[in-house]
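Subject: Handing over the structure

Hi,

Here is the structure I promised to pass on.

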Amino acid sequence: MIWTNWARTVSVTPVRQEQPASEDELSDAVRRAVKGGHQVRVVGGGHSFSPAAATDGVQLNLDRMNALHRVERDPDTGHALVTVGAGMRLYQLNRVLAERGLAMQNLGDIDRQSIAGAISTGTHGTGARFGGLSTRVRGLTIVGPDGDVTRATPTERHDLFEASRLGLGATGVLSTVTIEAVPAFDLHAVEDIWPLEQVFEELDHLVDDNDHFEFFWFPTTRRVQILRNTRVEAGPGPSSSPGLGHRVRRAAARARSFLDDEVLANAALEGANRLATTFPATTPRLNAVAARALRPRDYRAPSHEVLCTNRRVRFREMEYAIPRALVVDVLKEIDDWLSSSRENVPFPMEIRFAPADDVWLSTAHGRETAYVAVQQYWRLPHARYFEAAEQIFTAAGGRPHWGKIHTRDAEYLADQYRHFPDFLRVRESADPEGVFTNPYTRGVFG
């Protein structure tokens, strides 16, 4: 059976696809694959734009390993250690946490990935004080090439833990993931339209003075949509009985969200991109119209409902993490190239921010980071645009997102990560025969 990822950038025919439902079945599947001389890769939601999950060996899908195993609460802080099956999708995790008055500290804008896939590829959100998903991992169980199961935490098998909480599945198959969740919170979301130059001038204040800040920019236009989210106390939970007024306001907010996110965002974006594909000369005008059509919005909702959005328009994406101090210069260079090349790009760029962290292969390791995502509608060519952007990103010392399109290899990446040699050492020890490799992992790790 042919497997294809969401973006339609990767298609492979594994020798066998399996869906284990338990850790014992997972171990058995790995042992049988090794006995048959096959390599093993795991697929979750298929939302990696890179060929991270591709294999012509045995492909494991962990969708049936999506149970909640335990919740251990700290009565003093309200935080909790939550252990779930590695195949649990993020939208399922968000629901499980919300039902217990908990939430993820931060999230990316797509919730279709499995928790294992999201942490293994470095999924992140935005916010100058809130790191990516891997920074919240507190424990893992890992099935090795012999089928044996190993527990790794910050204090138990520390190096294996560090190499596995963000390592493209190169040390083994994750079976369970333990994350630190926080008490549930709402976000007061304010979406505004600002001139691009004003955003550049006030960027540091926008990033530092808001809990979660990002902006979208249609190429060659001078108007951007800025998103400012402030954390506030959670509203009535599922066990309470909010009054009629609250329910009416929530229903109205959901209706407005559907109008904005589904009708005005997804449907309109799909239509504009189809038009730009057929009539490329219309793209500058379409981008200008899209930028002018953006409108302010002010609402409040549970954190996962604000941070995660429905991205129904299919696209391809390259995203690089660059030093935060260089982001304005990088964006100006991309803008200059787009203006001079007249490349047909009817899809907006997305710019987000993150604090420095200590995860070995995190794109934000050791430095305050800005993420610049260049995106292209899936029916349009993306190679020239992405190649030009990548040259700009790498000149700024950029680190490519592990799950998105890029052309960097182990030689380049080794210079970007202080713990790269440590990761390679752990990988060699955990998987000496290369059971969990594929062409992509061999390219980025050597």
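Is Arg 138 buried, partly exposed or exposed? At 25% relative accessibility, Arg 138 counts as partly exposed (buried is under 20% relative accessible area, exposed is over 50%, and partly exposed is in between, using a 1.4 Å probe and protein chains only).

Before the rest, some housekeeping. This is a predicted model, where local features need pLDDT of at least 70 and side-chain atom pairs count only at pLDDT 80 or more, while totals for chains, interfaces and linings use all residues. Residues are numbered from 1 along each chain as its sequence is written, and side-chain values use heavy atoms, with hydrogens and water left out.

Now the salt bridges (a side-chain nitrogen of Lys or Arg within 4 Å of a carboxyl oxygen of Asp or Glu). There are 29 of them in the structure. One of them joins Arg 138 to Glu 180, with 2.8 Å between the closest N and O atoms. This pair links distant parts of the chain, 42 residues apart: Glu 180 is in strand E11 (residues 173-183) and Arg 138 is in strand E9 (residues 137-143). (Strands, E, of at least two residues and helices, H or I, of at least four are DSSP runs, numbered from the N terminus.) Glu 180 is buried, at 17% relative accessible area.

Another salt bridge is formed by Glu 191 and Arg 297, at 3.1 Å from N to O. Arg 297 belongs to strand E15 (residues 297-302) and Glu 191 to strand E12 (residues 185-195), so this pair ties together parts 106 residues apart in sequence. Arg 297 is buried at 9%, and Glu 191 is buried at 8%.

Then there is Lys 404, which forms a salt bridge with Glu 317, the closest N and O atoms being 3.0 Å apart. Lys 404 sits in the loop between strand E19 (399-400) and helix H12 (410-414), and Glu 317 in strand E16 (residues 315-323), so parts 87 residues apart in sequence are tied together. Lys 404 is buried at 9%, as is Glu 317 at 4%. Both belong to a network of salt bridges that also links Glu 319, Glu 350 and Arg 352.

Last, a helix. H10 (residues 327-341) has 15 residues and spans 21 Å from first C-alpha to last, close to the 21 Å expected (1.5 Å times one less than the number of residues). Its buried residues include Val 327, Leu 331, Ile 334 and Leu 338. Just after H10, Arg 342 has a positive phi of about 55 degrees.

Cheers
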